[in-house]
Every structure is written in C-alpha cells, then in structure tokens.
Amino acid sequence: MSNLSDMIEQFILEQLEDMDSIDLSRNELASFFQCAPSQINYVLSTRFSEPRGFMTTSQRGGGGYIRLERVRYNGNEYLEYILASTSIGEIDYREALEILGNLSQMGIIGDGESRILSYAISSKALSMPVKMENRQRARILHNVIINILRGNN
C-alpha cells in the first residue's frame, strides 16, 4: 500500500498528464485526502521541485492557488541549469539522486552511469561531515556536468 505522499503525488501527476501546468488549491487537496495542508506543501516541495523538472508559484489571498508547471528542458538547457545549481556550493544526496535520475531519464547518461555516480556521491563514499559532504557532492556533480557539456560540443 502506498503512503499518503505517494498517493498525493500520483494524483497530481495524473492531473498533469496532458498539460504543462495546473492550478491547485492546497486546502481542497487537503480536504480531498483528509490530511493537513502542510502535507500538501511537503509533497509539492519534495516531489515537485525544480531539479525534478517542476516549478511552483503560489497566489495567496481570496481563492488563492498553487500553480504547478512542468519545465521542459532540452538536454543542454538542463545541463546548464544543473551546472548553475551545483556551482552554488552544496547539494544533498536526495537532490543529487533526483538530478542523476533526470539525466538518466533524458538519455544524457546511462542507468549504469547513474548508479555508479550515486554510489560515488553517497555519504558512505564521501565519509565526512555533512556540510563538507554536500559541498564535495556539488563539486563532483559540477565536474561531471562540465565534462558532459564538453562532450556535447
């Protein structure tokens, strides 16, 4: 049985199936799933993040809504976005796995390469304090992306 976050994610993905954007009411979704509105926020922030190819904007006030948009990158646009994201300095393991999954899904790297890189940037492999680990993970991904871009030109 799926947990509530999985069910909410699946419901939203089904709504997005034929569209690039949808407007959602956090309170209506919370009522539909009989959960707290913060559960909806959690799903939106973790399952529909920019590294996963989504952008969210919210309109507050009377009849407020959350607009969820699917971002369609071509290969180089996504690589440039990731390059900018990793140059900021830190990236946690979950975000890094999302990036690797997207790169694999887009055919930029193979599943085997994604799996190897996920092991190379894991906490077990890096074995250092979390803050340093996140910086090192960002450096590794940054260098991988630079080399992919060099190969594409």
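Predicted model: local features only at pLDDT ≥ 70, side-chain atom pairs only at ≥ 80, totals over all residues.
Now look at the two ends of α5. At the start, show the side chain of Asp92: one of its oxygens comes to within 3.2 Å of the backbone nitrogen of Arg94. Just after the helix, click on Gly107, which takes a positive phi of about 80°.

Next, select α2 (residues 26–33) together with α3 (residues 37–47). Their axes lie 8 Å apart and the helices pack at an angle of about 110°, which makes α2 roughly perpendicular to α3. To see the contact, show Arg26, Asn27, Leu29 and Ala30 on α2, then Pro37, Ile40 and Asn41 on α3. By class, this contact has 4 nonpolar, 2 polar and 1 charged residues.

Stay with these helices and pick Gln34, in the loop between α2 and α3. Most residues other than glycine have a negative phi. Gln34 is not a glycine, yet its phi is positive, about 50°. Gln34 counts as exposed because its relative accessibility is 74%, and the cut-off for exposed is over 50%.

For the last stop, go to the loop between α7 (123–126) and α8 (130–152) and select Ser127. Ser127 has a positive phi of about 45°, although it is not a glycine. At 61% relative accessibility, Ser127 counts as exposed.

Notes
Residues numbered from 1 in each chain as written. Heavy atoms only, no water. Axes fitted to C-alpha atoms, helices over the stretch in contact; angles between N-to-C directions. Helix = DSSP H or I, 4+ residues; strand = E, 2+ residues; numbered from the N terminus. Parallel < 35°, antiparallel > 145°, perpendicular 65-115°, else oblique. Contact = heavy atoms within 4.5 Å. Nonpolar A, V, L, I, M, F, W, Y, C, P; charged D, E, K, R; others polar. Polar contact = N/O pair within 3.5 Å; in protein donor to acceptor, adjacent residues only side chain to side chain. Buried < 20%, exposed > 50% of the residue type's maximum accessible area, 1.4 Å probe, protein only.
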